Protein chains: 2
Amino acid sequence: MHTADRTERVPKQDRSRATRQRLLEAAVACLAERGWTGSTVSVVAEHAGVSRGAAQHHFPTREDLFTAAVEYVAEERSVALRALFPEGAAADDRRAVVAALVDLYTGPLFRAALHLWVAASNEEQLRGRVTELEARVGRETHRIAVDLLGADETRPGARETVQGLMDMARGLGLANLLTDDAGRRERVVEQWARLLDAALDGTPG
Amino acid sequence: MHTADRTERVPKQDRSRATRQRLLEAAVACLAERGWTGSTVSVVAEHAGVSRGAAQHHFPTREDLFTAAVEYVAEERSVALRALFPEGAAADDRRAVVAALVDLYTGPLFRAALHLWVAASNEEQLRGRVTELEARVGRETHRIAVDLLGADETRPGARETVQGLMDMARGLGLANLLTDDAGRRERVVEQWARLLDAALDGTPG
């Protein structure tokens, strides 16, 4: 490849990446605000200030766009979560870790993912894609939770303790869908962080 | 009122009640299978073998029908749950109680309620109704959980322990939406029933 070609291509790649990113962020915002029925590629393209043709170049189908969007934002949030605790977890940080894990499920990303899950439960085309996406994102989140909580998964029950905590986090996200549940959530987090201390550090059951 | 009037009215009331019940059950099934967008009064009326006019006589609006349906089935399930443990809870039954509480969120009722919640998060008309319904059903379920688990809510943290468990139950319901999660769920229930024993019977934290 000639040098001239390369210098011309780099900014084009950058522009393409920026367009893609704008589309993904607009897709999550749109899904969170309007739900699956109100979220089409056209609506997202307009939201992102991108032509419909350009949007379809990046994401040939609606399913491509929205599953990629939820995965992209989930990855961003994982990176942000790890950055909150750069040293990993110290035991006395556990309450902060539980609160941060629970926070993963109270924002627009969870709202968007929920719309996608619920739509997938009735739409065959979406179901396989979303199931696979959910498994991948779930595994990564579990891994982060184990690290940050300092859980030793070789101990009997430790894995299920962390899994149950993440199920609780998703349930707390659900409880926050229609009303601001922050007060109650804080008290539940405080109590379960205490129980978790006993469960993860105490003698095995 | 004349005796003749009364004898004529009783079976009419019975028929009316039976029609209402058929509509409510059909509404939950429809919501679970087709989601909010696919669930109209007409579809439910047809499903229930009732005329559209009769359906609208019982439930003037779509919101009336579906919120009443979710509440009706939730009450049925509460009654069934209490019937499972007629003596209340003994401590050694706790795992069975946790499993039964979690089971509340793995069937068509939870699927239907989830569709309603998610629709309500984007539809102003539905939001107030569903918020109020969710609060009422949630309080009743919490009360049953406290009873069956034998939790002493005067002890510090006991209330939040039970709340967190119910949040976990809803999260497990969510995890079961797209795939059969029964195996993992059973292991989480077993472990958390053990943690609950320590939390509810142990010394206060």
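**Entry: a serine to start with**

I began with A:Ser78, which counts as buried because its relative accessibility is 13%; buried means under 20% relative accessible area, exposed over 50% and partly exposed in between, with a 1.4 Å probe and protein chains only. I found A:Ser78 in helix H4 of chain A. Leaving aside neighbours within four places in sequence, I see A:Ser78 in contact with A:Glu140 and A:Ile144, where contact means heavy atoms within 4.5 Å.

**Entry: ground rules**

I note that this is a predicted model, in which local features need pLDDT of at least 70 and side-chain atom pairs count only at pLDDT 80 or more, while totals for chains, interfaces and linings use all residues. Residues are numbered from 1 along each chain as its sequence is written, chains are lettered from A and ligands numbered from 1 in the order in which they are written, and side-chain values use heavy atoms, with hydrogens and water left out.

**Entry: chain A as a whole**

I counted 9 helices and 0 strands in chain A; both are DSSP runs numbered from the N terminus, helices being H or I with at least four residues and strands E with at least two. The pattern along the sequence of chain A reads α-α-α-α-α-α-α-α-α. The C-alpha trace of chain A spans about 65 × 45 × 30 Å along its principal axes. Of the 205 residues in chain A, 49% are buried. I also looked at contacts in chain A between residues at least 6 apart in sequence: 68% of these join residues at least 24 apart.

How many salt bridges does the structure hold over all chains? I get 28, a salt bridge being a side-chain nitrogen of Lys or Arg within 4 Å of a carboxyl oxygen of Asp or Glu.

One I looked up joins the side chains of A:Asp64 and A:Arg129, at 2.8 Å from N to O. A:Asp64 lies in helix H4 (residues 62–84) of chain A and A:Arg129 in helix H7 (residues 124–149) of chain A, so this pair ties together parts that are 65 residues apart in sequence. A:Asp64 is buried, at a relative accessible area of 19%, and A:Arg129 is partly exposed, at 31%.

Back to A:Glu140, one of the contacts of A:Ser78. A:Glu140 forms a salt bridge with A:Arg143, and their closest N and O atoms are 3.1 Å apart. Both A:Glu140 and A:Arg143 lie in helix H7 of chain A, 3 residues apart, or about one turn of the helix. I have A:Glu140 as partly exposed, with a relative accessible area of 27%, and A:Arg143 as partly exposed too, at 46% relative accessibility.

**Entry: two copies**

The same surface serves both copies, since 98% of the contact residues of chain B recur in chain A.

**Entry: the interface**

The size of an interface is often given as the accessible area lost when the parts come together. Here chain B and chain A bury about 3500 Å² between them, 64% of it on carbon and sulfur atoms; this is the accessible area (1.4 Å probe) lost on putting the two parts together, summed over both. I list 44 residues of chain B in contact with 43 residues of chain A.

Which salt bridges cross over? The rule finds 2 across the interface. A:Arg184 pairs with B:Asp167, the closest N and O atoms being 2.9 Å apart, and the side chains of B:Arg184 and A:Asp167 also meet at 2.9 Å, N to O. The latter pair runs from helix H9 (residues 182–201) of chain B to helix H8 (residues 158–175) of chain A. B:Arg184 and A:Asp167 are both buried. I also noted a network of salt bridges linking A:Asp167, A:Arg170, B:Asp181 and B:Arg184.
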